[in-house]
Amino acid sequence: MKKITNTALIINNIYILIIIMFLAPSAQGYAKRDPIICQGMVNFSLDENCQGEVNLSHVLVGGPYPQWANLILRLKDENGNIIPSNIVGRNHVGDTLTFEVYDPTVQNTCWGRILVEDKIPPRLICPANTTVTCQNGIPAPTVSGFPNGLTLGINLQWNALGHFVANAGTIDACSNTTLTFTDTEESFPCSDLLRWKVVSRVWTVRDIYGNIGTCTQFITLRKATIGAINWPRNYNDVDLPALPCLGAWDSNGNGYPDINETGSPSNAGCNIQCSHVDQIINVCSGSYKVLRRWICLDWCTGISDTRIQIIKVEDKTPPNVLAPGDRTISTDPNGCFAHTLLMPAQITDACANIKRVTITGTNAAGQSLNFVLNQNGGFVYNLAMGTHRIRYEAEDSCGNIGFANMYLTVIDQTAPVAICKSYLTIGLGQDGRGRIKAIDFDNGSYDNCGIVRREVRRMSVACGQSAVFRDSVVFCCNDVNKKIPVILRVWDLAGNFNDCMDTVLVQDKLLPSLVCPPDISVDCRFLFDINNLSQFGTVVNGNLGEIQDSIVLSNGRFVGYDGVASDNCQYTLSTSTSTNIACGVGRIQRAFTATDQSGQARTCVQNINITDTDPFSLNDITWPSDYQTSTCGASLDTANIPFPYKKPRWREDICAVVGAGYEDWVFDLEAGCRKIIRRWKVIDWCRKNASGQHIIYTHDQIINVINSKKPVFDDCPRNLVFCPDNDGCDGFPLVLKTFATDDCTPKDQLRYTYSIDLFKDGTIDLNGASSDARGLYPLGTHKVTWRVEDGCGNQSFCEQFFTVRECKKPSPVCLVDVIFELMPTGMIQVCARSLVSKSTFDNCTPFEKLRFSFSADPNDSCRIFTCADLNWNILQVWVTDEAGNQDFCETVILIQDNMRMCPDASLVIKVISRPANFNLWIRRRSKSQLMEGLSMHKQIPAAILVRIDINKDHRVTASDLVELRKLILLKIDQFTRNTSWRFIDKNTDS
C-alpha cells in the first residue's frame, strides 16, 4: 500500500469533517448541488461478519443529489478487477480499492480510494471461575478451560512461538487470532479463612490487524487445614514391612531412609509447614531403627500436630554362599581311596560382616565323613569311592546363616582294552535272517582288573533290534548288500568299558516270483476311477501271507482272481498304467513289476478293454416344453426357468460328450407383449456323420411373455419443501425429477408425463412428457402428478406436493452518527425507520413494505429518549421482510440538549460569528471539553465545509492535521498554541 506524504496533497484531497453539535439544526437549510463530489480517501471498516457493502453514501461528499437514483457506483480491487455488488470482505482487508461514481445523465464522473479495514476487536468469553486446593498449585488452561469453549488440539493449536492460535471464524471472522494469558496472583492474609490466593487470569486475543479483546477469569486457591493432613505410614512390619538393609527403596544409594523414600505429610503446604527430627537406634552392623518425629504447624491459626513415624532397616538376608562347582576325581592308582584340595567358596553379605565359615561332608548313605574344616577351603584325605556332599556354611554378625553344597564323586576311571576280529560275511537263509554272537567278534580284549562281560550291538536300529548291547546281533533282508557296522563292548569290575568296531557284509541271492490278474473287457458305461483301478484286481504280497481274492466287478460279474508276488526277502512292487481312450472307448494296460533288494525283477501285464454297446442318439434327448410367464428380464434366463421348460435333458452317457446351447429370436406383440423363439442345439462330440461332421440335433421352444406388473417409482415423497437463496422473486429455479424401474422395460424406455397444479387451486397449469420438470416456480404450495408407463402399457402414478419458501434475509444498512435534539418537553421520539439508509433492500419485499424495529419484535418500532440518554447511544436496527426473515445493523445516535432543557445541563460551546470570508472562532468554557461534539461524519452539506486553524497561525497546514489527529487519538487533551476551536471559511485562501 502506498503512503501519501505530500502535505499539499493531503490538504487538497482529504476533508476533516467535524460536526459541532449545536450546528446540526442549521445544516437542513443548505442547498443541494448538481455536481457530484467524491471523497478522496474513505476508511471503510467491515462488520462483525467481516463483510460490508460500499454504497454512494460512503463515498460522496454532500447530498442528497437530485440525480441520486441514477448514479452508478463501481468498485475495483488493486488489480483493476470489478468487485461484484460492491461487497468487500476478508480478502480485501488492508487493500486500497478504487471507486468511481458516474452520472449517466450529464456524463459526469468522480473517483477516489477506499482503505478496507478490520477495526472490530475479537469477542472473547472467558471460561467459568473455578476454585482449587492450594497444594495443587495454579492449574493450567487445559484444566481450568480456554475462552469461548475452545479445546486445545481440536479448534486451538500451538504455534512456533508457544502461543495459542485459533483459525479465522473461530473467534474472529476476519483473521486468525493469537490467544495469550497473564496470571496475576493476589495473596490473602490469615484473617481470610478460606482463600490462600486468587489468581486473575487475563486472557488477551489479538487478530492480525492489531485489534485486541480481553476477558478475566478468577481462580481461587483454598487454604489447607491441619485436619486434612495425611501422615506418613510406619515401616515396622505392622503397618508396612520393614525396609531391607539394601533394597530398591534406597533411590540415592546412601543407605538411609530419606523422606522422599519413606514419605512425608501430604495435603500440607501453603499455610501449613512441616519439619522432622530423626533419632537412630542401632541393632547390629546391618540393622537399625529410625524414630522420625513430624511436627506440622498452621501458621495462620497457630494450631499444630505431631506424629512419630517408625522406620526399621533390618538385615534379614543370610550371607550369599557360592560353592565351587561339582567335581569328579579318580581313585589313586595304588589304592581305592582319593585325596583332593577343596577350593574356597565365594561368600558375600549385603550389610553385615562374616563371623564364621565351616566345611563338612557326608557320603551317599548320609554318614559324616572323617573331616571338619573351620576355614574356607583346604585338603581332605582317604575319600572312598562314591558321591559325597560337601557343605559350605557361613554366619554373619546379625546371626543370619547361609550355605551351599557341592558334590565330589570318587570313581575308577581306567577303562579296559577292546580288540575286534577283522571283516566278516553272512548269507541270509530262506527266512531272510542271520545271527552272530558277541564272543565271535572278540579277538583278545583285556583289562588290568579283569573283564567281566562282553556284548555287541548294531550301530543303527534294524531287523527288530534296538540299538542296545546284547550277547548276539541279528541281520535281515534290510541289510542285504550292505556292510553293517557292529560295536563290541567289554566291561571291567569298576564298570569302565571300551569299544571296538567291525563290519559285516550281508548277502541275498534268491529271485522274486510274480503272477498278474487276468485280462478283462467292460462296457464304456461301466463306472471306474482311472486313478484307482483296484476293482479290476491287484497283486497281493505272498511274503505277508495275503490271499488272492476273487475279482468281482461292481455289476456283479466274476472275472478271475488277484495276482500274487513273493520273495525270500523284501521286494518292491511297482505298477505303471498306459491309457488309449477316446470318448470312453479304448484300452488300459497295467504293468506289474516285482524287484528284490539285489535288483532282480519280474514283470507281467493285464489288459482292460473298454467298448460302447449303446451309442448316443436322438431318442436319448428330452426337449423342454413351451413356456409362458408374466415376468421378464433375468427371469427368462435358463437359470430362472423351472423344469420341464428349463433346458434339454438327455440320458447321461459317459460314452458320449454331449453339449447344448440356444439362440433367441424376440418378437414384441401388442396383445402378448413379447414372444421368444428359443432354438436349442444338442451336439455329440464323440460321433460324426458320413461327411465327417459332428451330429447336431435341433428343437424350437416357444416362450410367451404376458406382463401385467406396473412400473415402480424409486423415490416419490409426498411433501417437498424448497428454500432457495435467490435474489429475485419472480420465480425460483427448482429441480423436480422422478425415476422408476420396471421388470421388463429398461429404464431408458419408460414413458413419463407430468401435470402441475400451481397453488393447488384445482387447475392444471403445466404439462410435460418427461421425468424432469425443472423450472421457475413462484412462492407457495403446488402439486405435481407423475405418470410412468412401461412397454406393455402398465401405468403407475405418483402425486407430490412441493412448497417454495422465500428464505433470504433482508440487507440492512444503518445511518451512522445521527444527531437528535431534545424537544422542549425534555424528550424526543426516535423511530427505527429514520435510522436506516435507502440502500437497505430485500430480494422480495420493497423498501416501503419492510418493517423496522429496535429488536427482533417488529412492533418495537419507536422509542422515547430523555435527558437520561444524553450523549452517544448504540442501537440495533432490525429489518423484517414480508416472509418474516430478519437481520439487523448497529448504529450510534447522539442525543443533544443545546436548548438546556435538562437539569444541570450547561452550554458547552459558544459561537461568535463574523461576516463571510472572515475567521470563525468557537470559544469554550473549559479546556477539558475539547472532545465534546467532535465526530467524523461521512455526509455533510458542502456549504458548511470549513478549514481548521488549530495552531493559530492564520492558515491551514499539515501541522493542523497532525495536532487534530493526536486529539482524536486521545494522545493530547488540549491544543499546544490554542485554547479553543478556530475555523476558517473553506473558500478563504490559506
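I began with Glu455, which lies in strand E28 (residues 451–458); strands here are DSSP runs of E, at least two residues long, and are numbered from the N terminus. The model is predicted: local features need pLDDT of at least 70, side-chain atom pairs count only at pLDDT 80 or more, and totals for chains, interfaces and linings use all residues. Residues are numbered from 1 along each chain as its sequence is written, and side-chain values use heavy atoms, with hydrogens and water left out.

Is Glu455 buried or exposed? Glu455 counts as buried because its relative accessibility is 18%; buried means under 20% relative accessible area, exposed over 50%, and partly exposed in between (1.4 Å probe, protein chains only).

I then listed the contacts of Glu455, contact meaning heavy atoms within 4.5 Å. With neighbours within four places in sequence left aside, Glu455 touches Ala438, Phe469, Arg470, Ile487, Leu488, Arg489 and Trp491.

Next I followed strand E14 (residues 272–284), which is joined to strand E15 (residues 287–298) by 12 bridges, running antiparallel. Two strands pair if DSSP finds at least two bridges between them. Asn282 has Tyr288 in E15 as its bridge partner, and a hairpin of 2 residues links E14 to E15.

E15 also pairs with strand E16 (residues 304–314), antiparallel, over 10 bridges. I found Val290 opposite Ile311 in E16. The hairpin between E15 and E16 has 5 residues between the strands, and Gly302 in the turn has a positive phi of about 80°.

Last, I looked up an open sheet of 4 strands with mixed pairing, in the order E1-E6-E5-E3. Its edge strands, E1 (41–45) and E3 (72–76), each pair on one side only.
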